[in-house]
Amino acid sequence: MPGIAQPEPYVSHWPWIVDLPYVAFTRLFAPFAGSESALMVACFVVPLLLLAPALYFYNRLVVAMGVSSPALALPVALIFAIGTFFEYAPGRIDYHNLQILLLLAALVLMLSQNRASSFVNGLLAALALAISAEFAPFYALVMAIYAFDWILGREESASRITGFGLALAMGAIGLLAAIEPLSAYAAVKCDFYSAPHATALVAAGLSFAVAPLLCGSRGGWAMRAVVLLGFATASMAALAMLFPQCLASPYASLDAYVRDNMVNRILQEMSIFRHPHFLSAIFPGTLLIFVGAIAPVVICFDPHSRSRPRLILALFSVLALVLGIAYLRYFRYVALFSSIGLLFVAASFLPSGSRLVRYLVPDIRSASRKYTLILPGLVVSAIGLYHLSLRPSQAATPAGELADLCDLDYFQPQRGWPANAVVLTPPLIGAYLVALADGPKVVTVPNHRSAQGIERSYRFLDPSTPDPRALLDASKATHVALCAYRGPPLPGLETGYPFAAALMEGRPPAWLKECPTDPSSPVRIYSYRNGDGSDAACPASTLAAQARP
């Protein structure tokens, strides 16, 4: 992406295959409406088109839990899960909505008796993991269930694990060919679908396909478990030897300065118990989610109410809850499962024998269940409150973050930027400028692939940096942009962040020149110098905002 000039080349890790529905829709309607109009319509329509199959699979999952009236149970479950389904809001362009759809399909296919379901599930698992490794824990559980069924010798489990494994291996190879050019097959990209990911999936798939052939009808569950465990151990050892750099997280290569000052401060990278507004903003809803997520586990302790679909729901619900507590990025998915658990809770608190109980979950005995169902969730919530009371104080806010906290909705971007303009900004402002139809190049955006630019933009404003000009020169930046503070002087800001405060208040050093901007603009712009040493020109006009592409 040449608009992001660190000056090192920025290569996005975005999984381009998720753009295919938008491309297809745009190509289909471009002859009638033009490319730009067709793309705008695609951004509105495609999330809704993805929502339709997601609701279908979600309804199938609700029905599998034993409800008598899906027409009543589904709307109730959707009320509790509405936050998750906002991922399908028109204009929401991301891969999470597609991942949710694929996960719901995987759950329904696991419960299906169709012989082809496991093969299709293997293909979908390969696709989901090629899009992003974010859902890898969920698909590890999918594979564990197929393996567990085969180890216990359940009916047709051998054909199911074989079909899943073959499809997983075939899909992994096919997707590598679709995503990466032949010249990049040997490249190791730990945060993008590449050789390490494909090798791991092929190894897992072939293990599943070969294990039933080796064991045949000989031996019992112990032998089958040992065979699979042996394949898994050998595969992990081989992967560790071939790709040792991928043993850590995708952020392992980032400089510690970037992790501490930017990445680790992003909400979705935090534990839910480190959320700064956990008590005031999300705790009431979180309490319900905790209760609903653990309720299926309690249900499955009762042989009368236990079933295979409910056991699978309980496993995924607990996994989602653990992931959601550890990392806020996963919390949006917990409601998918806890909403179904709340159906059980609602049924248990209704009068025994009432029509609503029969419509929701008829085989749940309400009299002995209602307090048992909610108690574990309440305990987890109490633990969370205790943990919050002991939470250590937050570290000081970096100057780069303070200089990025302005409302860009009212920002009228400058027009007439010089052709060679490269702007050093905090990450969020950089993302805004690089999205302009005719804007300048920027040094950084809020993405870990832009880590070198993030480090330079944060160190540029850091009070401990002895010579900020060295960061401008290293970035080959011609301009600086950051949030403007136009109120009365703030002694605390000027004391703690003297250089950043001076720029935000319009008091630049002699080597920067402030460019004219609207007095109400939330951003200040400074010109520095061009690569040949000449003074950089300011943007020519501030009269009108540019149109976004």
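Predicted model: local features only at pLDDT ≥ 70, side-chain atom pairs only at ≥ 80, totals over all residues.
In which sense do β4 and strand β5 pair, and over how many bridges? Hi everyone, let's start there. β4 and β5 (residues 523-527) pair in the antiparallel sense, over 2 bridges. Strands here are DSSP runs of E, at least two residues long, and helices are runs of H or I of at least four, numbered from the N terminus. Two strands pair if DSSP finds at least two bridges between them.

Residues are numbered from 1 along each chain as its sequence is written, and side-chain values use heavy atoms, leaving out hydrogens and water.

Now the whole sheet. It is open, with 5 strands in the order β2-β1-β3-β5-β4 and mixed pairing. At the edges are β2 (441-442) and β4 (513-514), each pairing on one side only.

Next, let's visit helix α10 (residues 221-242), where S235 lies. Is S235 buried or exposed? S235 is buried because its relative accessible area is 16%, and buried means under 20%, exposed over 50%, partly exposed in between (1.4 Å probe, protein chains only). Not counting residues up to four places away in sequence, S235 touches A203 and S207; contact means heavy atoms within 4.5 Å. The side chain of S235 also reaches the backbone oxygen of F231 at 2.8 Å.

Definitions and conventions:
Polar contact = N/O pair within 3.5 Å; in protein donor to acceptor, adjacent residues only side chain to side chain.
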